[in-house]
Amino acid sequence: MSNDEFRAALARLAAGVVLVTAQEPPLDEHGRGEDVGMTATAFMSVSLDPPLVLVSLRNDSRMDDLLSEQPLWAVSVLAGSQRHIAGRFAMKGRISDRLLFEDIPYLRGEVTNAPLVGGALATLECRTEQRVLAGDHTLVIGRVLTATLPSADGDPLAYFKGRYRQLD
């Protein structure tokens, strides 16, 4: 089986789209760390008791490097109307994260201080419980510390056959 065959087969599995965010620790005691964000479709619930979720991160990606040091992070479950946010944070060779967040409405998480996207269907604040190396990715399992429904009535953003889609 080739990588292309594997990729094509799994593209037939519809997935929800989330924005994973965290704040880098400040470089010194007087500064504020930079916000970092990454679009993910490999995100799932793991356990209700305790409340655990999992996100898959490409090894050596900026988010993987950050979450290996920063245990606090957040997830915004994107609404169908937030396709532009998903695309912006999924770009390869993109501009700095500071500029990516510039015109996106968000609040800071009370526990993580990470950006929580305004208008998201749900937001979660998490603390890393475990990291599992799995091939070219790391599975980060996080304990959910807070969960809110800022815009619970919207439709979800989905990813299917290599494209973002809204459910009708």
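Which residues of helix 3 (residues 83–90) are buried? In this predicted model, the buried residues of helix 3 are Ile 85, Ala 86, Arg 88 and Phe 89. They sit on the same side of helix 3, because they cover an arc of only 165° around the axis. An α-helix has 3.6 residues a turn, so residues three or four places apart point the same way.

**The chain as a whole**

The chain has 168 residues, and its radius of gyration of 16 Å agrees with the value near 15 Å that a compact globule of that length would have. Taken along the principal axes, the C-alpha atoms fill a box of roughly 50 × 40 × 35 Å, and the chain contains four helices and 12 strands. Of the 168 residues, 39% count as buried, where buried stands for under 20% relative accessible area. The accessible surface comes to about 9,700 Å², with 54% of this belonging to carbon and sulfur atoms. Among the contacts in the chain with a separation of 6 or more, 63% are made by residues 24 or more positions apart.

Seven strands form an open sheet in the order 3-2-6-9-10-5-4, and their pairing is antiparallel. Strand 3 and strand 4 (43–47) are the edge strands, each of them pairing on one side only, and from one strand to the next the twist averages 35°. Strands of a sheet pair through backbone hydrogen bonds, either parallel or antiparallel.

Although strand 3 is an edge strand, six of its six residues are buried. Asp 35, Gly 37 and Thr 39 are buried on one side of strand 3, while Val 36, Met 38 and Ala 40 are buried on the other, so that both faces are covered. The pairing of strand 3 with strand 2 runs over six bridges in the antiparallel sense, and within it Asp 35 of strand 3 is the bridge partner of Gln 23. Further along the sheet, strand 5 (residues 52–58) and strand 10 (residues 137–148) are also an antiparallel pair, in which Val 53 stands opposite Gly 142 in strand 10.

Strand 11 and strand 12 pair in the antiparallel sense over four bridges, and Ala 158 has Arg 165 in strand 12 as its bridge partner.

| Strand pair | Sense | Bridges |
|---|---|---|
| Strand 2 and strand 3 | antiparallel | six bridges |
| Strand 5 and strand 10 | antiparallel | seven bridges |
| Strand 11 and strand 12 | antiparallel | four bridges |

**What covers helix 3**

Helix 3 also lies across strand 2 and strand 3, running at about 110° to strand 3. The cover over the buried residues of helix 3 includes strand 2 (18–23) and strand 3 (35–40), together with strand 11 (157–160) and strand 12 (163–166). Helix 4 (97–101) and strand 8 (115–117) are likewise included in that cover.

How values were computed: Residues numbered from 1 in each chain as written. Predicted model: local features only at pLDDT ≥ 70, side-chain atom pairs only at ≥ 80, totals over all residues. Heavy atoms only, no water. Buried < 20%, exposed > 50% of the residue type's maximum accessible area, 1.4 Å probe, protein only. Helix = DSSP H or I, 4+ residues; strand = E, 2+ residues; numbered from the N terminus. Arc of directions from axis to C-beta. Contact = heavy atoms within 4.5 Å. Pairing = 2+ DSSP bridges. Rg over C-alpha atoms; globule rule 2.2 N^0.38 Å. Areas by Shrake-Rupley, 256 points an atom, 1.4 Å probe, with all protein chains shown as cover. Axes fitted to C-alpha atoms, helices over the stretch in contact; angles between N-to-C directions.
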